[in-house]
Amino acid sequence: LPWAASIVAAVLLTWFSVYQVPSSTSNDQLVVSMSEEFSQQKKLILTSFGQPDLTQLPVEIQQQLVQLTNARVAIENALKNDQTNTELLNLLRWTQQQELDLIQQLYSPQWQTI
């Protein structure tokens, strides 16, 4: 599916460009920007797979998504109290990427063998 590759490329370009934030941007604004970008990427990925119903996934996968979501929210809340903590910023970025990767892995077409 050539269109899927172009969507992935667009997501990756957007992902990398958003994190090249000018140094004058405060970390609070960075967290908001990261959260907004994550939401847009997640929506784009789900749209590219035809808006799948995540509640139809196996319970274990739903639990993993909930755990990632809870971790992401907890990190965002921790950053409200410690805006200069680069470790938390990196952890937030990693957690967001894990959630996107999991969703993409679940819905990406698998190669079939004959």
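Let's start with helix α3, where Ile 61, Leu 65, Leu 68, Arg 72, Ile 75, Glu 76 and Leu 79 are buried. Keep in mind that this is a predicted model. An α-helix has 3.6 residues a turn, so residues three or four places apart point the same way. With that in mind, look along the helix itself: α3 covers residues 59-81, and at 1.5 Å a residue its 23 residues should span 33 Å.

Is Ile 75 buried or exposed? Its relative accessible area is 7%, and because buried means under 20%, Ile 75 counts as buried. Which residues does Ile 75 touch, once those up to four places away in sequence are set aside? They are Leu 88, Leu 91, Leu 92 and Thr 95. Take Leu 88 from that group: Leu 88 and Ile 75 are 13 residues apart in sequence, yet their C-alpha atoms are 6.5 Å apart in space.

The largest has ten residues: Phe 38, Ile 45, Leu 46, Leu 57, Ile 61, Leu 65, Leu 68, Leu 100, Leu 102 and Ile 103. Helices α2 (27-48), α3 and α4 (86-107) each supply at least two residues of this core. Apart from it lies another core, of eight residues, including Leu 30, Val 31, Leu 79 and Leu 92.

To finish, zoom in on Leu 102, a member of the largest core. Leaving out residues up to four places away in sequence, Leu 102 touches Gln 64, Leu 65 and Leu 68.

How values were computed
Residues are numbered from 1 along each chain as its sequence is written. This is a predicted model: local features need pLDDT of at least 70, side-chain atom pairs count only at pLDDT 80 or more; totals for chains, interfaces and linings use all residues. Side-chain values use heavy atoms; hydrogens and water are left out. Helices (H or I, at least four residues) and strands (E, at least two) are DSSP runs, numbered from the N terminus. The expected span of a helix is 1.5 Å times one less than its number of residues. Buried means under 20% relative accessible area, exposed over 50%, partly exposed in between (1.4 Å probe, protein chains only). Contact means heavy atoms within 4.5 Å. A nonpolar core is a set of buried Ala, Val, Leu, Ile, Met, Phe, Trp, Tyr and Cys residues joined through side-chain atoms within 4.5 Å.
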